[in-house]
Each structure stands twice: as structure tokens, then as C-alpha cells.
Amino acid sequence: MTQAAFLYDKFRRDGFYGYRKRMDEVRKEFVAAVESHFTADPAALDMATLELLKSGILSAAEYNRLMDKAINDNNHTMARMIGQHAKAAAENAIDRDTATALRSVSYKSNGMNGSNYVEAFDFVTGLYDRCSRNPALYSQWDELAGEVIEKF
């Protein structure tokens, strides 16, 4: 084995290990920041809305309007609360269409805990991992990861 081949192999092994170790560190910091940002905040609770949610009088359309308002206000806590109540209402709904509409409202709250950002981060780092080990994918990086990175 030539010196150049030896150095290349060493770089591939050590460089990849260093990259993985650093990405694990960055991921831990990222997850901590996401969890901190999306943590439930008692100060963000709208007690009047909570009383309406508890009352059982809301229609699926009203749940949807409340969810849209919470999302537009960037109120993660209320969006999660509305989603939880919509899910419970869907389980108790007699009408199939109403149950479907309520599940749709509940579904809107799924990303309001930041999990969608962690999933996107994991997707991009996993894709980078695959692309970095497969020279045929180097030129595909922008096409494969571009949209996710732009929306991040």
C-alpha cells in the first residue's frame, strides 16, 4: 500500500468517525434547543379557550379555527392542548365525518412539539452520511436535500 493510499484510508476512517462524533454532539445541542423552545408554557394558556375545550360544545370547524389561531399566534402550548382535546373528541364522535375532521385538527398539532425539526435534522444528517460514502451521490446532494434545508 502506498503512503497516499494509506493516508486516504486513514482519512476516510478517522474523518468519518470525527464527523459522526461531531454530528452527535450537534444533534444533542439541537434537540435540547428544540425542546427548550417547544416546551409547554403555562403562561401561554388561554383559559377561556380551555374552558370551551372542556365544555364539549365545539364543532369540528370551531376546533379547526382555534387550532389555526394557535398556530398563527405561534402558541405551541395551546396548539398541543387543542390537538389533545380534538383527539379525545374524535374518539367519542358518533358521526364518521365529524371524527375525521377532528382527527385532522389533532394531526395539525403533531409538529407543535418540535419533532418535525428533529426529524428533518436526522434526515439531512443521514442523507449526508450516505452521500459522503457514495461518490455517485455527491452531485445529487442539492437535489436530495435542497428542499428540506430550504424549509428548515
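Predicted model: local features only at pLDDT ≥ 70, side-chain atom pairs only at ≥ 80, totals over all residues.

Student: Which element has the highest mean pLDDT, and which the lowest?

Tutor: pLDDT is the predictor's confidence in each residue, from 0 to 100. The protein averages 84, and 81% of the residues score at least 70. Among the elements, helix H7 (residues 141-151) has the lowest mean, 69, and the highest is 96, for H3.

Student: How many helices and strands are there?

Tutor: Helices (H or I, at least four residues) and strands (E, at least two) are DSSP runs, numbered from the N terminus. Going from that end, the elements read α-α-α-α-α-α-α. The count is 7 helices and 0 strands.

Student: What span should helix H3 have, and how far apart are its end C-alpha atoms?

Tutor: The expected span of a helix is 1.5 Å times one less than its number of residues. H3 covers residues 60-72, which is 13 residues, so it should span 18 Å. The distance between its end C-alpha atoms agrees: 18 Å.

Student: Which residues of H3 are buried, and how wide an arc do they cover?

Tutor: Buried means under 20% relative accessible area, exposed over 50%, and partly exposed in between (1.4 Å probe, protein chains only). In H3, the buried ones are Ala-60, Tyr-63, Leu-66, Met-67 and Ala-70. They sit on the same side of H3, because the arc they cover around the axis, taken from the directions from the helix axis to the C-beta atoms, is only 125 degrees.

Student: What covers the buried residues of H3, and which exposed residues does the opposite face carry?

Tutor: The cover includes helix H2 (47-55), helix H4 (76-92) and helix H5 (96-108). Turned away from the buried side is a face with the exposed residues Arg-65, Lys-69 and Asn-72.

Student: How many aromatic pairs are there, and what parts does the stacked one tie together?

Tutor: Rings of Phe, Tyr and Trp (its six-membered ring) pair if their centres lie within 6.5 Å; planes under 30 degrees apart count as stacked, over 60 as edge-to-face and the rest as tilted. The structure holds 2 such pairs. Phe-30 and Phe-121 are stacked, 4.9 Å centre to centre with 15 degrees between the planes. Phe-30 lies in helix H1 (residues 3-38), so the pair ties it to parts 91 residues away in sequence, with Phe-121 in helix H6 (residues 115-133).

Student: What about the tilted pair: is each partner buried or partly exposed?

Tutor: Phe-38 and Tyr-117 make the tilted pair, at 5.8 Å centre to centre and 35 degrees between the planes. Phe-38 has a relative accessible area of 8%, so Phe-38 is buried. Tyr-117 has 33%, so Tyr-117 is partly exposed.

Student: Which backbone oxygen does the side chain of Ser-106 reach?

Tutor: Ser-106 lies in helix H5, and at 12% relative accessibility it counts as buried. The distance from its side chain is 3.3 Å, and the backbone oxygen belongs to Gly-83.

How values were computed. Residues numbered from 1 in each chain as written. Heavy atoms only, no water. Contact = heavy atoms within 4.5 Å. Polar contact = N/O pair within 3.5 Å; in protein donor to acceptor, adjacent residues only side chain to side chain.
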